[in-house]
Amino acid sequence: MRPVPPLLPLLKQHFGFSSFRPHQEQIIQDSLLGRDVFALLPTGGGKSLCFQLPALTQTGLTVVVSPLVALMKDQVDALQTSGIAATCLNNTVGQAESRERLRRLHNGEYRLLYLAPERLMLDGTIGSLSRWNVRLIAVDEAHCISEWGHDFRPEYRQLAKLRPLFPDVPIMALTATATGRVRTDIVTQLKLREPSCFVASFNRPNLTYRVAPKSKGYDQLLDFVRNRPREAGIVYCASRAATEKLAERLTRDGIKARPYHAGLTPNQRNENQELFLRDEIRVVCATIAFGMGINKPNVRFVVHYDLPKNIESYYQETGRAGRDGLPSECLLLFNAGDAVKQIRFIEEKPNPAERKIAREQLQQMVHYAETAECRRVELLGYFGEEWSDGNNGTGCGGCDNCLSPRETFDGTLSAQKFLSCVYRIRQHSHFGVGLNHVVEVLTGADTEKVRDWGHKSLSTYGIGHEHGRKEWQAIGRELIRLGYLSQSNERFSTLELTREGNVVLKERKPVKLTRPMKVPLRATHQSGEIACDEMLFDRLRGLRKHLADERGVPPYIIFSDVALRQMARLYPANEVEFSRISGVGAQKLREFSATFLAEIAKHLATNARQIFAEDSFTPAAPPPKPALTDTVLESLRRFRAGETVAEIARARQIIAGTVHGHLATAIEAGEKVPLRALLNGEDWECITEVLRTHSGPSITPVHSALDGRYDFGLLRIVRAASNQGRKFE
């Protein structure tokens with residue numbers, strides 16, 4: 001079984017984080033032990049780290065299967081900025097550059113390689129991989145392999161061939177959203193062998209979910225965006241024409257926006273996406289049917305201008321907001337008429353079974369939009385997760401229904417009329433009808449069907465004049481949600497009384513109904529907010545943008561908004577304090593600390609330092625120490641007792657390099673080891689100087705740069721001590 005090295009020091013060194021998110025550490029450990037892994041982590045839950053960190057702990061290559069060129073480029077840019085050797089091969093890479101990348105792959109210079117599934121499965125690529133010492137295959141967006149997934153891609157099915165081609169290489173499948181059926185399909189299609197399975201909570205506490213009745217849709221959208229003048233967001237539309245029109249109107253009204261849909265040329269899509277990623281435009285208007293594949297962590301809002309086709313798509317699309325954990329908003333503009341448009345698309349599907357499933361999914365989406373219950377509970381329930389906090393009587397505090405509960409009223413009489421009408425129609429005609437026909441009977445409409453079917457003679461004909469058609473339609477849909485009526489999923493869906501509905505009708509059981517939704521006020525939900533010096537935050541954002549433009553990367557590749565807000569709250573004054581900022585690893589500390597520290601000092605020269613609750617730069621809690629084995633503890637005990645490395649090696653019948661390795665492991669775990677007993681000051685300076693220019697996980701380049709003068713274990717000791725900020729003593 002492969003030994004698993006301490007992971008927290010590597011996490012801080014390369015990615016700048018002091019702790020793991022839920023499941024990350026166990027996923028990484030199981031993968032390093034050679035096990036297949038299935039991981040379902042929500043958007044923003046840190047999926048990428050699960051395969052990026054293992055790549056830094058072992059020699060060889062980690063291959064990442066990714067469905068979109070934009071995703072590959074984004075992750076490679078971020079890794080390279082953190083000093084990690086990563087690359088991708090796709091059709092956007094020129095021949096000369098592709099040859100250079102292949103040369104470096106042959107030489108073992110990369111730790112991660114990103115490939116699209118169709119490129120991976122080419123005979124030439126497979127042949128090369130067999131020579132490149134592949135240690136892990138990670139399949140990102142793994143739901144694409146399942147025909148039951150919301151974003152099925154046929155080319156992913158080729159990945160089933162990977163297991164026999166690489167029988168000894170562990171496979172990691174990762175996705176952000178998948179029902180139980182899709183999870184099973186992923187494991188089966190990829191031929192995962194007794195995989196470790198991890199399913200994180202689907203809850204995104206920093207997101208506020210809101211639904212507003214869509215009346216003057218564009219005016220509502222414009223007002224929403226104008227009220228967030230410094231924030232970027234995505235607007236999802238049902239058609240390509242709508243994305244074009246909205247982007248044009250927003251730009252005309254002073255908000256920089258661009259469309260994004262499958263009808264644009266690849267160059268147009270790439271240009272519009274790059275402008276968004278680099279904060280040159282604020283809004284992207286995208287089609288629901290075309291996934292953007294972006295990794296922009298500071299998307300502060302997602303607006304669904306039209307109704308999504310199902311809850312899974314809605315969850316995936318809203319999940320693109322607030323990936324950095326800061327408060328973000330999700331607004332759905334709902335008009336029941338949008339469901340009719342969706343039905344037309346559904347009826348164009350050739351497969352009857354697919355049509356039935358799609359109709360059922362659309363009904364669930366409409367129920368979500370109209371429910372008066374906690375939206376967070378509804379969302380999590382769809383994925384089979386029970387959110388216990390939703391039953392505490394206070395609500396989630398992060399959706400419109402919990403922040404501003406809708407007014408209820410005694411709807412017993414209205415419910416009685418509606419249910420009675422359904423009953424009388426069935427009794428008279430011996431067949432069921434749809435919701436709209438029931439409303440026509442209640443409101444006394446003189447339609448062809450009402451006349452032909454003799455429904456003017458019913459006792460319920462025309463008894464519902466107290467409500468308009470739209471009000472009765474909303475009441476009918478609420479009675480379905482409450483379980484008093486059932487609705488079939490056929491092309492012409494019909495209503496039937498349920499057992500509970502019969503009880504209400506016969507026993508005159510009281511029924512509470514909810515008032516229609518109102519246009520919501522600005523949400524006050526602030527879970528995850530980081531209060532800071534907003535003037536300094538703006539200055540640091542400007543500096544970040546300048547540095548990003550110089551390097552040709554999106555600003556968040558340099559630092560996240562979370563990092564900038566921490567800087568603008570804690571005012572770090574030196575490298576030690578700067579290193580405690582979230583996302584500051586060794587490479588970014590070397591490259592950016594002086595520039596940002598200077599900007600903070602310049603701001604404080606003319607502006608007073610703001611004081612926040614629980615302010616002051618207190619050191620982050622140290623990571624838990626990994627447990628040391630008995631053999632490491634024995635070497636450490638002897639060394640502390642005064643024995644030399646050579647004496648310990650002779651007494652324990654091991655080589656000196658192994659003893660050095662034991663001491664390095666002890667230092668990485670936070671144990672004090674007297675460095676002067678191992679090397680002199682000149683050696684320390686010589687080794688640390690080379691370490692500053694070789695930040696990768698492998699110690700071999702350092703050993704080579706020093707012409708092999710020092711033992712590998714000794715080099716590891718110096719690296720471990722310097723990573724912890726230890727002085728030579």
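**Entry 1: strands E2 and E4**

I looked up Val 64 and found that its bridge partner in E4 is Tyr 114. Strand E2 (residues 61–65) and strand E4 (residues 112–115) run parallel and are joined by four bridges. I took two strands as paired if DSSP finds at least two bridges between them. Helices (H or I, at least four residues) and strands (E, at least two) are DSSP runs, numbered from the N terminus.

I note that this is a predicted model, in which local features need pLDDT of at least 70 and side-chain atom pairs count only at pLDDT 80 or more, while totals for chains, interfaces and linings use all residues. Residues are numbered from 1 along each chain as its sequence is written, and side-chain values use heavy atoms, with hydrogens and water left out.

**Entry 2: the sheet**

I traced an open sheet of seven strands with parallel pairing, in the order E3-E4-E2-E5-E6-E1-E7. Its edge strands, E3 (86–89) and E7 (196–199), each pair on one side only. Helix H5 (residues 95–106) packs on the sheet and touches E2, E3 and E4; contact means heavy atoms within 4.5 Å.

**Entry 3: strand E12**

I then turned to strand E12 (residues 299–304), where six of six residues are buried, that is, under 20% relative accessible area, with exposed over 50% and partly exposed in between (1.4 Å probe, protein chains only). E12 pairs in the parallel sense with strand E9 (residues 232–237) over five bridges, and Tyr 236 stands opposite His 304 in E12. E12 also pairs in the parallel sense with strand E13 (residues 328–334), over four bridges. In E13, Leu 331 is the bridge partner of Val 303.

**Entry 4: aromatic rings**

I counted 13 aromatic pairs, where rings of Phe, Tyr and Trp (its six-membered ring) pair if their centres lie within 6.5 Å; planes under 30 degrees apart count as stacked, over 60 as edge-to-face and the rest as tilted. The rings of Phe 51 and Tyr 114 are edge-to-face, because their planes stand at 70 degrees, with centres 6.4 Å apart. Phe 51 lies in helix H3 (residues 47–55) and Tyr 114 in strand E4, 63 residues apart. Both residues, Phe 51 and Tyr 114, are buried. I also found ring pairs linking Phe 202, Tyr 315, Tyr 382 and Phe 383 into a cluster.

**Entry 5: charges over rings**

Which ring does the charged end of Arg 565 sit over? I found it over the ring of Phe 537, 4.3 Å from the centre. A charge sits over a ring if NZ of Lys or CZ of Arg is within 6 Å of the ring centre and within 35 degrees of the ring normal.

Methods:
Axes are lines fitted to C-alpha atoms, for helices over the stretch in contact, and angles run from 0 to 180 degrees between N-to-C directions.
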